[in-house]
2 protein chains.
Amino acid sequence: MKMSDVAKMANVSPATVSRVLSNPELVSKKTRDKVLEVINQVNYQPHIVARQFRTKETKTILAVVPDITSAFFSEVLRGIEHTAIREGYQVILGDTENSVERENDYINLLLQKQVDGMLLLTARLEKEKLEELAEHFPIVLACEYIDGLNVPTVSIDNISAARKATEHLIKLGHERVAHICGPMNVILGRDRLRGFRQAMMSHDLDVDPSYIQEGGNESLESGYNQMMKLLALETPPTGVFVYNDEMAMGAMKAVKNSGLRIPEDIAIVGFDNLKMASVVEPHLTSIDQPKYKIGQKAMSILIQKINKEKITKQSFVMKDHLFIRQSCGGQSFVSSSEQKT
Amino acid sequence: MKMSDVAKMANVSPATVSRVLSNPELVSKKTRDKVLEVINQVNYQPHIVARQFRTKETKTILAVVPDITSAFFSEVLRGIEHTAIREGYQVILGDTENSVERENDYINLLLQKQVDGMLLLTARLEKEKLEELAEHFPIVLACEYIDGLNVPTVSIDNISAARKATEHLIKLGHERVAHICGPMNVILGRDRLRGFRQAMMSHDLDVDPSYIQEGGNESLESGYNQMMKLLALETPPTGVFVYNDEMAMGAMKAVKNSGLRIPEDIAIVGFDNLKMASVVEPHLTSIDQPKYKIGQKAMSILIQKINKEKITKQSFVMKDHLFIRQSCGGQSFVSSSEQKT
DNA sequence: ATTTTTCTTGAAATTCATTACAAGAATGAT
DNA sequence: ATCATTCTTGTAATGAATTTCAAGAAAAAT
């Protein structure tokens, strides 16, 4: 059943049927009703691929994430999807599982015009390649970013957020503060380390090199292992800022398994403010990223790009917020309203 | 740059270029190399939508999930995506956020031929509608299912798994066993309740109606609230089987907030075996669903359907497994290898 | 060397909706 | 009543690949 069949049945031209579907105001009420009746009667569904082919729009965008199993990204994705659907777009999901090659593979969807634009929630590609690509296709970065990149980017200020997290520990009196790093090949890993260093420096605190635990991936297990190494030191830290909540939960597990208490023996701050942060015991103090909003914002900028609107700013920095809970002490009571956070 | 341009440059017909791309064995080595050289030289990318239009295949499938933010589904999704990519398919993600209307909306992608098939990880539609749809389009259900539905379905046996979970509590000596239910409008909610009832019955244990906590959604908060109600009873239960891990974690929070201990005062069993189950304290005993495998299996059946292969079985029941941890007592030590689970 | 078979290749049709353009009808202005 | 303007509709071109069919070339068989 195609448009021309509907046209015949309604005694109009295919052009008119097309107009009824996409520009109904161009068709007289009488004709329109006649056509709509036939459409309903035969249950006609336009062949969208044919439309896409003709209009050169797929109304589909690609969202590339480094890890779909991460609670962080699924919130961002929801922000993306809501905005996408509201604007009539579909979302294709591309999970790279932290692999640059797979990130590269997804670019083909753009080159082959299968999607109208791309949202990168990971940025491990080379800067030049990405910029070159962004000249020809609508691309927006979110969460991760590349320094000085000439492509719209939505994220928080990771350095200052990490500084804030570290300073929270310092203000609570900790002097032996350590950092469990994220992956150093990702800018977020480097930024959060940088923020940590800045905070220590500006409070005239030494950073023992063994207090900086690099290595491993972003997993819970990695957080566990790195905390174990810190605990094995002759003088372990009393406060630890961890790259993200998932690793922080691994780190907490390590502390508890070692028979130590949080926050009395070791205070911990995480990053991302996952839902789980207020479920684990003790509740985890953490930097909140406005995940849903980041997704929304990134998607709406992408749509602007697709519509060839001029984007004046290239960098959109969202507000982060330190949620103080029990894992650092200094506040031991969590109100019942907090559990809804 | 289109195929005909490449053809001209290589002094061949467009048909030959097409064959080089999709059936290279039909083209002589000499011609093939010549064409490939031009393709590389001008960096030609075929227009995939045009191909889709012509071949009536999009090589894209739709995966409809009730909630992308759930840790459970993201694992299943990964199984789906791996298999999809291996077979040359893209995955469009449809998040319904537990709404039947949105589930319905996604069906349009099928009707309009935007996808070659659909994977439903939720099944709130009417049976007849779904069966009718499945006659015309490749559809596979996973995780959820509909009784007696004539559409391939991949899932575990929820009733027997729930029975197993409940029996674990009973075997540990609990007689006052309660169930915190999932949503009753979802078959999984009803099944797990049924399994709970069966286990109680077959051990001649009464089920106090107030021990069956219905209502609410699948969220952590709901688990918290329902456990609070159980604790408020004159004689609270000593063991609780909770619909899923997320709710179980909410329930654990309620127990702890009430100053009670797990498992000494209240033993808890969850369902799904999320990664978090072995992070929360105490580690949560839970029924494992082979999430990744379910995704894999469902996707490969879908591909078989797309390829019009005959599927003999309609129901694929995967193995579940009870992971015994600390939340029920009876085993207090968790080996270090377990933490990798 | 001739016939048969298999390999290669190209011409042209096909997929289905959109849209520029033009023409005719209807409305409004004078 | 006539002309100008606006509305409505249809004709036909268009997009970029794939694929059927046929023809000519090459290889194999006799």
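1. Contact here means heavy atoms within 4.5 Å. With that in mind, 100% of the interface residues of chain A are also interface residues in chain B, so the copies meet through the same surface. The contact takes 52 residues from each of chain A and chain B.

2. A word on the model: it is predicted, with local features needing pLDDT of at least 70 and side-chain atom pairs counting only at pLDDT 80 or more, while totals for chains, interfaces and linings use all residues. Residues are numbered from 1 along each chain as its sequence is written, and side-chain values use heavy atoms, leaving out hydrogens and water.

3. On to what the interface holds. Chain A and chain B bury about 5,000 Å² between them, with 55% of it on carbon and sulfur atoms (accessible area, 1.4 Å probe, lost on being put together and summed over both). The rule finds 12 salt bridges across it, a salt bridge being a side-chain nitrogen of Lys or Arg within 4 Å of a carboxyl oxygen of Asp or Glu. B:Arg102 forms a salt bridge with A:Glu81, where the closest N and O atoms are 3.9 Å apart.

Note on methods
Chains lettered and ligands numbered in written order. Buried area = accessible area lost by both parts, 1.4 Å probe.
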